[in-house]
Amino acid sequence: MISQTTTNDNNNQATVTPASGSYKFTAKTNIRSAASKTAQVVGTYNAGETVYYNGKITTGGTTWLRYLSYSGAQHYVAMSGDEVGSVAKPDVVATSGSYRFTKTTAIKSSPATSATTVGSYNAGDTVYYNGKVTTNGQTWVRYMSYSGAQHYVQISGESTSTNVDKPQVTPQSGSYRFTQTTAIKNTPAGNAPSVGTYSAGDTVYYNAKVTANGQTWLRYLSYSGAQHYVAISGNAATGNTTSEPVTNSQGAFRFVTTTNIRTAPSTRASVVGEYNPGETVYYNGTVQAEGYTWLRYLSRSGATHYVAKLEG
């Protein structure tokens, strides 16, 4: 088969054509989580940048290029019609180096204080950048995130952060079930912006515990690739902390059905991609949870991901 017809979420007929190649952008273009202008924007390509795609999708008169991001998720960019609105052109210098932060600093999706905050760097953290951007009297460093999107942090001009006590981080993995609504923060601080909430009964799968300003926080990797935090002591929610038993085993598993890739061994965990029939995962452990055997593996981004082992 060299083409097929499917249906997208808007009930518009979409034609999917397996194809591979490269495409050079002539304008700044949104990267989306699905082939729809209503889908979530997960990054941008700038004019002059190139995407290497593995498929084409035509729907609603728009042709989308599909590609596999560094995180393992399929992303989509329109060949036309989904450009980012024009803004004052920043001065970009392609240069590489490292920068060590002296205070908590927001990570932005574009070099503007009004841009979406996608995470933060703490005092003592280091970023390895691939460019410096000067715009509106501010200097930003640009770097490539695990998701494949360009992110930005401000290093001069108007301050975008405040000084906080350096948090104590203990690498530790497990799960935590909330008993009341709890805010999700982009830094381990009560006055940090909230980027979402967990409701009573929800579970978070964390990769570290953080102590800061008399509070204990759980740190986890969000589907966007940013580190997020939820408080579990102090002015925080209460709940139960558990950890799933992991069997250290290695092997390969070939999929016979399309299977979601998740951030934790739970059907409620965030979906970050999928495996298609015929594809193979090389795993380094198994977890028994929710009646499934989950295969644990290390993704190309360095994050641990999970897929349920579904036999035919």
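Two residues are said to be in contact when heavy atoms of theirs lie within 4.5 Å. In the predicted model described here, 53% of the contacts in the protein chain with a separation of 6 or more are accounted for by residues 24 or more positions apart. The secondary structure of the protein chain consists of 30 strands and zero helices. Of the 312 residues in the protein chain, 43% are buried, while the accessible surface comes to about 16100 Å², with 46% of this area belonging to carbon and sulfur atoms.

The arrangement of aromatic rings was examined next. A pair of aromatic rings is described by the distance of the centres and the angle of the planes. The structure holds 13 aromatic pairs, one of which is formed by Phe178 and Tyr198, whose rings are stacked at 4.9 Å centre to centre with 15° between the planes. This pair links distant parts of the chain, given that Phe178 lies in strand β16 (residues 168-178) and Tyr198 in strand β18 (residues 194-198), 20 residues apart. Both Phe178 and Tyr198 are buried.

Tyr198 also forms an aromatic pair with Tyr220, and this pair is edge-to-face, with 5.9 Å centre to centre and 70° between the planes. Here too distant parts of the chain are linked, from Tyr198 in strand β18 to Tyr220 in strand β20 (residues 215-221), 22 residues apart. Tyr198 counts as buried because its relative accessible area is 14%, and buried means under 20%; Tyr220, at 8% relative accessibility, is likewise buried. Elsewhere, ring pairs link Tyr23, Phe25, Tyr45 and Tyr67 into a cluster.

Note on methods. Residues are numbered from 1 along each chain as its sequence is written. This is a predicted model: local features need pLDDT of at least 70, side-chain atom pairs count only at pLDDT 80 or more; totals for chains, interfaces and linings use all residues. Side-chain values use heavy atoms; hydrogens and water are left out. Helices (H or I, at least four residues) and strands (E, at least two) are DSSP runs, numbered from the N terminus. Buried means under 20% relative accessible area, exposed over 50%, partly exposed in between (1.4 Å probe, protein chains only). Accessible areas come from the Shrake-Rupley method with a 1.4 Å probe; for residues, only the protein chains shown count as cover. Rings of Phe, Tyr and Trp (its six-membered ring) pair if their centres lie within 6.5 Å; planes under 30 degrees apart count as stacked, over 60 as edge-to-face and the rest as tilted.
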